[in-house]
Structure formats: C-alpha cells, structure tokens
Amino acid sequence: MIGLFWNIRGLGKIGRLPALINRIRSTRADFVGIMKTKEESFTPGYLRSLTGNVPFDWFYLPAKKSTGGILVGSNSDKFSATLISTLEFSVSIMLQDKKTGFSWKLVVVYGSPYDEGKPEFIQELESLLDNWEGPTVFGGDFNMVSSIKEKSNGNINQRWADLFKKWVNKYGLIELKNSAIAFTWTNNQETPIMAALDKVLCTT
C-alpha cells in the first residue's frame, strides 16, 4: 500500500498541478493527502484529472480566503471510503480494504500556523480518536514541533511543543520518518531556518 502526503502550498501556482499529477501516477499512490491547497472547491473533472484512469473517491476541506485547504483521496478499486468528519483543521475518512475487509482511519491535517489557533488545533487532535480504538494514520502539516531537535535554530515555543508531545504520547503514536530528510519546511532566507512540521503518525 502506497500513500502520498504533500504540503502543496497552493495548487494554483505554476507547475504545482502537473507535479502533483505526475507524483500520484508515478508512485501509483493508493491514497493521497494534500495540504494547503488554497482552493475553495474542486470540479469532478479536475479531480478525475489527478489520477487519470484510476478511480478515486475525493473529500476536501475548503480553503478560507485562499488560505489552507485539504484534499483527501483514495483508490476506489481498492477501498470503500466513508467520510467521518470535516473539521477546522482536518479531514477524516474511514477506509475499508475491499479484499480483506480491514478498516482503518485516515486523518489529514493542516494545523494552525498562528499561535491563536493552536489551542483549538490541539483540542481537535484530541477529539479525532474519540470513540475509535482501531488503526489510524495521521498525515499532514502540523505546524508544530515536539522538541528543539526539530528546528534548526533550536528556538521553539515550549508550550506548544509540550502539548503536542503530550498528545502523541497519550495515544502511543509512532512517527514514520523519512531518514533522508531532517526538516520539511524552510523560510527560504539567506541564512535559512528549517523545521520538521510535516509528519506521518500512526497508532500502534
């Protein structure tokens, strides 16, 4: 099973859509989570263009004034997909393997980039595992780090880091890391600051 999570930072920017289409098709992704789409809606034709002849079920959280936005899809030949919730910072779907009957929850998040939205984001994360003890995969841009090691200059907001780490530990989540990449975000300055904001976490 192959999954793709991508903080696209605006599907409308030149080159982003062709790059996404190429990545989905070349990896033969079974499920996809796209963050920061900056799109308020998608036409059926637009969504079909992403995967060509491979049928996908799609769900999305609209961007607000061209900010944020989440798009989630799964191969409908392989999975039965059901929307669980579309909240302020996340889209959750239930996926059932059509061959084995195995069910699991996929949650794609785009956390608040601003301090004033982080308490609500943490509360939403807490709610996402209520009434469900089965396997769950979280993927997306959390806009949070859990330690000073996840930011190149070591300058972090310890309050948010502690709350994020507390949530991870409470549910025994395991991070699936790309060993080749230490950081996923940069401010693109001459002396860059980098951070590991994009994560994939799963229950054990």
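Me: Where is the place of Gly172?
Reply: This is a predicted model, where local features need pLDDT of at least 70, side-chain atom pairs count only at pLDDT 80 or more, and totals for chains, interfaces and linings use all residues. Residues are numbered from 1 along each chain as its sequence is written, and side-chain values use heavy atoms, with hydrogens and water left out. Helices (H or I, at least four residues) and strands (E, at least two) are DSSP runs, numbered from the N terminus. Gly172 sits in the loop between α4 (158-170) and β9 (174-175).

Me: Is Gly172 buried, partly exposed or exposed?
Reply: Buried means under 20% relative accessible area, exposed over 50%, partly exposed in between (1.4 Å probe, protein chains only). Gly172 has 30% relative accessibility, so Gly172 counts as partly exposed.

Me: Which residues does Gly172 touch, not counting residues up to four places away in sequence?
Reply: Contact means heavy atoms within 4.5 Å. The C-alpha atoms of Gly172 and Thr203 are separated by 6.4 Å, though the two are 31 residues apart along the chain. The residues that Gly172 touches are Cys202 and Thr204.

Me: How far apart in space are Pro192 and Gly172?
Reply: Pro192 lies in the loop between β10 (185-186) and β11 (194-195). Leaving aside neighbours within four places in sequence, Pro192 is in contact with Ser152, Thr186 and Asn187. In sequence, Pro192 and Gly172 are 20 residues apart. C-alpha to C-alpha, the separation is 33 Å.

Me: Which residues of helix α2 are buried, and what arc do they cover?
Reply: In α2 (residues 44-51), the buried residues are Leu47, Leu50 and Thr51. They are on the same side of α2, because around the axis they cover an arc (from the directions from the helix axis to the C-beta atoms) of only 85°.

Me: What covers the buried residues of α2?
Reply: After α2 comes Gly52, with a positive phi near 65°. The cover for the buried residues of α2 includes α1 (16-27), β3 (56-61) and β4 (70-75).

Me: What radius of gyration does the protein chain have?
Reply: The chain holds four helices and 12 strands. The radius is taken over C-alpha atoms, and the globule rule is 2.2 Å times the number of residues to the power 0.38. With 204 residues, a compact globule would therefore come near 17 Å. The protein chain agrees, at 17 Å.
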